[in-house]
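Q: Could you take me through one part of this model in detail? I would like to know how its pieces pack together.

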Amino acid sequence: MIKVAEIHKKFGDQVVLAGVSFEVAEKEIVVILGPSGTGKTVLLKIIAGLISPDAGEIFFNGKSLYQMASDEIYELRKKIGFVFQNSALFDSLRVDENIGIAIEEHTDWKREKKRERINQILKIIGMSGKERLYPRDLSGGMMKLVGIGRALALDPAYLFYDEPTVGLDPIMKSRIAELIVSFRDHYQKSGIVVTHDLETARLIGSKLYMLKSGKIEEISTIEREKYE
């Protein structure tokens with residue numbers, strides 16, 4: 001379980017987060033809605049340990065991220081898969097090499113096991129047969145799939161998604177939403193998704209929150225007209 005407790009963050013005089021608190025239970029997808037520029041990505045990176053807050057605590061299974069030893073943080077980061085908004089693929093690496101980066105860095109697996117895991121991920125994300133392509137050969141949606149595949153590499157307990165469907169056509173949006181839900185339902189993974197896409201939020205969210213003016217509030221329903 002993840003517990004976010006009274007997170008504060010500002011840049012200069014701009015207050016981005018002003019006491020944000022919520023929890024993510026096991027096998028649950030929490031979606032944080034809000035327009036661009038409201039601090040959704042900043043919050044996600046704080047939870048992942050990529051940015052430090054000005055105040056507040058992040059707990060993983062009851063233990064504060066900020067009280068963990070360096071080796072504990074190292075192990076925790078292997079349990080978190082982060083899907084970046086722009087996919088953040090390495091242009092000089094093939095699809096299979098991009099997916100396998102974390103495997104190369106964090107495991108001592110034999111070559112056969114590495115290849116088996118990469119092939120398994122390619123099948124999960126529907127990219128089998130495209131492993132030797134480079135990012136320049138891929139559509140935006142395919143790049144996003146590879147980004148998701150890379151986040152899956154070490155079989156993490158938690159998956160964090162930063163705007164996973166932004167800029168994609170309806171078919172690819174639906175495909176990625178189905179993947180996110182399948183990771184929860186079939187692979188028992190918890191997730192946090194930040195997005196401004198209301199329809200995607202409705203499809204994938206176990207719980208929905210709205211982030212606005214630095215504050216967060218759980219919502220049960222929201223009408224598109226009011227959201228826009």
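A: Here is a close look at one pair of helices, with a few words on confidence first. This is a predicted model, where local features need pLDDT of at least 70 and side-chain atom pairs count only at pLDDT 80 or more, while totals for chains, interfaces and linings use all residues. Residues are numbered from 1 along each chain as its sequence is written, and side-chain values use heavy atoms, leaving out hydrogens and water.

The protein chain averages a pLDDT (the predictor's confidence in each residue, from 0 to 100) of 92, and 96% of the residues score at least 70. Confidence is highest in helix 3 (residues 95-99), at a mean of 97, and lowest in helix 9 (residues 224-227), at 51; helices here are DSSP runs of H or I, at least four residues.

Now to the pair itself: helix 6 (residues 140-152) and helix 7 (residues 170-185) have axes that come within 10 Å and cross at roughly 10°, using lines fitted to C-alpha atoms over the stretch in contact, with angles from 0 to 180 degrees between N-to-C directions. Helix 6 is therefore roughly parallel to helix 7 (angles under 35 degrees). On the helix 6 side, G141, M142, K144, L145, I148 and L152 meet M172, R175, I176, L179 and F183 of helix 7, contact being heavy atoms within 4.5 Å.

How values were computed:
Helices (H or I, at least four residues) and strands (E, at least two) are DSSP runs, numbered from the N terminus. Angles under 35 degrees count as roughly parallel, over 145 as roughly antiparallel, 65 to 115 as roughly perpendicular and the rest as oblique.
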